[in-house]
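Have your viewer ready and your selection tool at hand.

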Amino acid sequence: MKIGQQQFRTIWAAPVASIHQRQVNIIDQTALPHALRIVTLDSVDGMVNAIKTMQVRGAPLIGAAAAYGMALACQAGLTDGHLQMAASRLLASRPTAVNLRWAVERMMNILHTLPVAQRCEAAWQEASRIADEDVKINRAIGQYGLTLLQTLAAGRTERLNILTHCNAGWLATVDWGTALAPVYAAFDTGLDVHVWVDETRPRNQGASLTAWELQQHGVPYTVICDNAGGHLMQQGRVDCVIVGADRVSRCGDVCNKIGTYLKALAAYDNQVPFYAAVPTPTIDWRIANGLREIPIEERATEEVTQISGITSAGNIETIRLVPEGSMAANPAFDITPARLVTGIITEYGCYAPAALEAVLSLANAKELVDETFI
Ligand code: MRU
């Protein structure tokens, strides 16, 4: 996607200075929306830190970042033991988004089979393949989601209002986004769309990241506090909800940013269609019951008790919101049960949760991917 007139991805291998000292560039999402900061990483430690501190975030991007993390690890050592250690550290960096495990396992499966001398080059190639695939997958999700939005818009004269939670736009992926890919596709084809952007406490990925990237693209949007969605749905001012996901069970339970479940309940009560836009690497085929089996990341309580923003003098400041000494809890994700989900938009089409397992055979027939994608 473009920032100003320049084409960007969220992560890319830096131009090669030396074949043995390659680096990875990321857009530092902790600086947005107030500054566009590119950070260069040259070690697996740096990548683990970037994932933990959410300089890179969003399930698909975390997957690509982990793959590049493995490539960086190869520059410091190539033995099985060294790679296993790097994989374990990456896997522990964030527990909920399954793309992380998917990417690390994919990298390890390839590297283990190769002679040591070939591992480094293969790791960089595979990481860049994972990143490129993510872009294709999300474009395809955008096209399938576009069809849904066109159907909802058919015969209407008013604009189409889509509510989204957290940031599942291009910043959460390598490019295009998941939940926002259909929005960009619709906007680019001239559909009159508007996005209700949940601020998404505690880290405000909606207010800071979704708002910023929609603004960059020119898509009309309105930031709302997290509590407003149900009211807007009751008033008929939301035509559909589209969210991303950090992990989806094979039965269609959707794990996503905390607060998603409440939006799904309100959507169900108001007959508003609720979609999750989900690349297949986000589906955890090993898990049937999302509520029981998906680990929910607990993050630092300061994310709840404090807030950061920019002052009128242009300084970034963090302030305390609660009485000193208050207890706080910070579960970062929740599970929306499949019964509340209208459809799961994948790169193979939109599926009812009960039909999701049909996607597995498509995903396994990997060669289909390039034919299916636009
Ligand atoms: O904690 P985050 O910001 O990494 O959580 C991200 C989300 O919950 C997104 O909505 C989800 O990863 C989907 S990203 C396409």
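Start by selecting Tyr 68 and Trp 124: both are buried, meaning under 20% relative accessible area, where over 50% is exposed and anything between is partly exposed (1.4 Å probe, protein chains only). This is a predicted model, in which local features need pLDDT of at least 70 and side-chain atom pairs count only at pLDDT 80 or more, while totals for chains, interfaces and linings use all residues. Residues are numbered from 1 along each chain as its sequence is written, and side-chain values use heavy atoms, with hydrogens and water left out.

Now show the rings. The structure has 2 aromatic pairs, a pair being Phe, Tyr or Trp rings (for Trp, the six-membered one) with centres within 6.5 Å; planes under 30 degrees apart are stacked, over 60 edge-to-face, and the rest tilted. Phe 8 and Trp 12 are edge-to-face, because their planes meet at 65°, with ring centres 6.0 Å apart. Phe 8 is buried at 10% relative accessible area, whereas Trp 12, at 25%, is partly exposed. Tyr 68 and Trp 124 make a tilted pair, 6.1 Å from centre to centre and with 50° between the planes. Since Tyr 68 sits in helix H2 and Trp 124 in helix H5, this pair ties together parts 56 residues apart in sequence; helices (H or I, at least four residues) and strands (E, at least two) are DSSP runs numbered from the N terminus.

Next, colour the largest nonpolar core, which has 44 residues; Ile 11, Met 47, Ile 51, Tyr 68, Met 70 and Leu 90 have the most contacts inside it. Such a core is a set of buried Ala, Val, Leu, Ile, Met, Phe, Trp, Tyr and Cys residues joined through side-chain atoms within 4.5 Å. Elements giving two or more residues to this core include strand S4 (24-27), helix H1 (44-52) and helix H5 (116-153). H2 gives the most, with 13 residues.

Pick Ile 51. Beyond its neighbours within four places in sequence, Ile 51 is in contact (heavy atoms within 4.5 Å) with residues including Val 56, Ala 65, Leu 90 and Leu 100. A second, separate core of 33 residues includes Leu 180, Ala 185, Leu 209 and Ile 345.
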